[in-house]
Amino acid sequence: MATTVRRTVLNLPAAPLGPENPLPPLRTPAPPPVLDPREREGLPRDMARQLGHRPLRTVLPTRLLDGYGRERTPADLDAVVIENDRLRVTVLPGLGGRIHSLHHKPTGRELLHRNPVLQPAAFALNGAWFSGGIEWNIGATGHTTQTCAPLHAALVPAPDGGTMVRLWEWERLRDLPFQVDLWLPDDSDFLHVGVRIRNPHEQSAPVYWWSNIAVPETPDTRVLVPADEAWHFGYDHTLTRVAVPESGGLNHTYPLRSEYPADHFYELPDGARRWIAALDADGHGLAQTSTDLLRGRKLFRWGHGKGGRRWQEWLNGPGVGYAEIQAGLARTQLEHVPLEPGAAFSWLESYGPLSADPAAVHGGDWAAATGEAAARLEEALPRAAVEEAYAAWLPYADTDPGEVLATGSGWGALEVLRGGLRLPGTPFPTATLGEQQKPWRELLEHGTLPKPDPEQPPCPTLVSPPWRDMLETADADPHAEYHLGIAQWHADDRAQAVRSWERGLEKGPVPRWPLLRCLAVAAEESGRPDHAAELYAEAFADLGAPGTTNLAASEAGGALLVALARETVEAHLSAGRPGEARALLDGLPETVRERGRFRLLLAQALVAEGDTGAARAVFDAGFEVADLREGAGILGELWALVSDEPLPDAYDFRMSPPGA
């Protein structure tokens, strides 16, 4: 059959994402790992340079997504299916363009870990993320802020005369447009994916890209890659060069033979074909290969320990496990690669089934295992064929999209309008501008930031230098000072940010809470927890002041109440004021108090007050912290303060050995 593309609806048990957190993320929820400069000695020169290249300080201008829960109900998700007589590819344009399923029709095998649920968890740079399928990670070290965001999607002509599906968006952390073209030739066992990232600016930009592939995990799943060395990165945040397949008496190419989670970034030899595969006990599984620009390959394993198993259950439901094989622009995910002004990175990836002799795959000899897999991959999809497919695709990367399948955000349209940009192949029509972009278009065209709706929190802030310059020259009312301070904070001009927020307070009586909260964060960051707690208390009180009643009643206002209450309680605890923390908790609506995050805060306050018995009772009653971050140890640490018993399995999310 000829390749077809059709829309469909995928029904999954899903926990709703909830509204955006209205508070500007002045700090990263989880600071990226940073290597001690001394650890860079002896590393390859380009790797050492890229390890320190412009890491993120915040996830501005995006907002956090942390309003989801753990209650799943059936939900309809818009999907696009690309299909020939060999493969059926299911794509979710509304969720970062994730490939949810890659089904090989002749064998009936699902090549990916197809998550049976949609359960957000706090793994992305800005919060909500979900496991499974193939995700496209762009921006900075971590899971992209696009994970749960809609992408633009449309049909475009394919090089073979058929039809491709194009996904594209404006990546906001680095202000770069990108596209992902999904091309499934007739009668092909392999899906081709053409990727392009462009830098339309007059200065270089740091680029991060990792294609993250979730594959089914069994006790005999083995990950094969043409490398004899790897960079091991564990939760102690050290980078160590190790042998492949074994180091420390452990064969780490079998994900379930290790107890604890870890990353292995493989050192592929110069000139070697870029590929990675995950094969089961019978030698069947998925292979990913690419043109040479996509040099990095990685295995992430959860391990067989209690913590890793608990995380798997948390993300997928009981009895379902997966591992991740990945491909990226650099050796490791700690690096960002410079992209020069006006330049582009482009490459082609291919995904499809691979079958190899199981005796060779699992026979114990690494060279024989990788040689067998490489030979079977060359038969199924020769290296030259990938290069030819890339050369055939590249001229089509500029082709204008046709039929629209899905619509992404309006941020790209705003940037195109501001910069007068021409981006062939990835249009960002003015028609996609929405309510969040409206005040910024007003600033762009008229030099004035309009007054905010008093019944809504302030709109998201734009922080790049051109927008910061416009804020500098706008009318200096409290609203403009608020946004200007956020842009200055993002630029690491923190003293000037504080001055802007203080000027805003001096110029207007209400609402004061947005400025007070920003000043509270600044006080915390400068090591003044008592002052921060006082500012937070004042901000929270202002949220309930006359004139804000309608705000509190809206959906955005409800999200604001939860977010500001959490930060205020945490500030009181950091300042050694558990009584104030508990008093604030007691005054919250019951629906907020019963959330898992606030049950945890209550237990922390009780422990700080010395009432470990009452804190233990909170644990015994049971709670789930929906937005628990990957690697967080707070549950185990708090349990150790209230009990000498082993940590219950329900609270065991530990990802490193005790004492590590």
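Predicted model: local features only at pLDDT ≥ 70, side-chain atom pairs only at ≥ 80, totals over all residues.
Figure 1. The side chain of Glu313 meets that of Arg310 in a salt bridge, with an N to O distance of 2.9 Å. Both residues belong to helix 2 (residues 306-316), where they sit three residues apart, about one turn of the helix. Is Arg310 buried or exposed? Arg310 counts as buried because its relative accessibility is 11%, and the limit for buried is under 20%.

**Figure 2. A salt bridge between Arg27 and Glu525.** The side chains of Arg27 and Glu525 form a salt bridge of 3.6 Å, taken from N to O. This pair links distant parts of the chain: Arg27 lies in the loop between strand 1 and helix 1, Glu525 lies in helix 11 (residues 513-525), and 498 residues separate the two. Arg27 is partly exposed at a relative accessible area of 28%. Glu525 is also partly exposed, with a value of 37%. Which residues belong to the network of salt bridges that includes this pair? Shared partners join Arg27, Arg57, Asp492, Arg494, Glu524 and Glu525 into one network.

**Figure 3. A salt bridge between Arg63 and Glu20.** The structure holds 45 salt bridges in total. One of them joins the side chains of Arg63 and Glu20, at 3.7 Å from N to O. Arg63 is in the loop between helix 1 (45-51) and strand 2 (73-83), while Glu20 is in the loop between strand 1 (4-14) and helix 1; the pair links distant parts of the chain, 43 residues apart. Arg63 is buried, with a relative accessible area of 14%. Glu20 is partly exposed, with a relative accessible area of 31%.

**Figure 4. Surroundings of Arg331.** Arg331 is found in the loop between strand 24 (322-328) and strand 25 (337-339). Its relative accessible area is 10%, so Arg331 is buried. The side chains of Arg331 and Asp46 are joined by a polar contact of 2.9 Å. Which residues does Arg331 touch, not counting those up to four places away in sequence? They are Pro44, Asp46, Met47, Trp210, Trp231, Phe265, Glu267 and Arg295.

Figure 5. Strands of a sheet pair through backbone hydrogen bonds, either parallel or antiparallel. In this open sheet, nine strands follow the order 15-21-22-26-12-11-10-9-27, with antiparallel pairing. Strand 15 (222-224) and strand 27 (404-406) are the edge strands, and each pairs on one side only. On average, neighbouring strands of this sheet are turned by 20 degrees against each other, direction ignored. Within the sheet, strand 10 (residues 163-171) and strand 11 (residues 176-183) run antiparallel and are joined by seven bridges. Arg166 has Asp181 in strand 11 as its bridge partner.

**Figure 6. Two helices packed on the sheet.** Helix 4 (residues 366-380) packs on the sheet and touches strand 15, strand 21 (274-279), strand 22 (284-290) and strand 26 (344-355). The direction of helix 4 makes about 70 degrees with that of strand 15. Helix 5 (residues 383-393) also packs on the sheet. Which strands does helix 5 touch? Helix 5 touches strand 10, strand 11, strand 12 (191-198), strand 22 and strand 26, and its direction makes about 135 degrees with that of strand 26.

**Figure 7. Strand 16 and its two pairings.** Strand 16 (residues 229-233) is joined to strand 17 (residues 239-243) by five bridges, and these two strands run antiparallel. The bridge partner of Ala230 in strand 17 is Val242. Strand 16 also pairs with strand 20 (residues 262-266) in the antiparallel sense, over four bridges. Here Phe233 stands opposite Asp263 in strand 20.

**Figure 8. Nonpolar cores and the contacts of Trp440.** The largest nonpolar core has 90 residues, and the members with the most contacts inside it are Trp440 and Trp501. Helix 11 gives the most to this core, contributing nine residues. Neighbours within four places in sequence aside, Trp440 is in contact with several residues, among them Trp411, Leu414, Leu449, Trp467 and His483. A second, separate core has 79 residues, including Leu167, Leu182, Ala205 and Leu299.

Conventions:
Residues numbered from 1 in each chain as written. Heavy atoms only, no water. Salt bridge = Lys/Arg side-chain N within 4 Å of Asp/Glu carboxyl O. Buried < 20%, exposed > 50% of the residue type's maximum accessible area, 1.4 Å probe, protein only. Pairing = 2+ DSSP bridges. Axes fitted to C-alpha atoms, helices over the stretch in contact; angles between N-to-C directions. Contact = heavy atoms within 4.5 Å. Polar contact = N/O pair within 3.5 Å; in protein donor to acceptor, adjacent residues only side chain to side chain. Core = buried A, V, L, I, M, F, W, Y, C linked by side-chain atoms within 4.5 Å.
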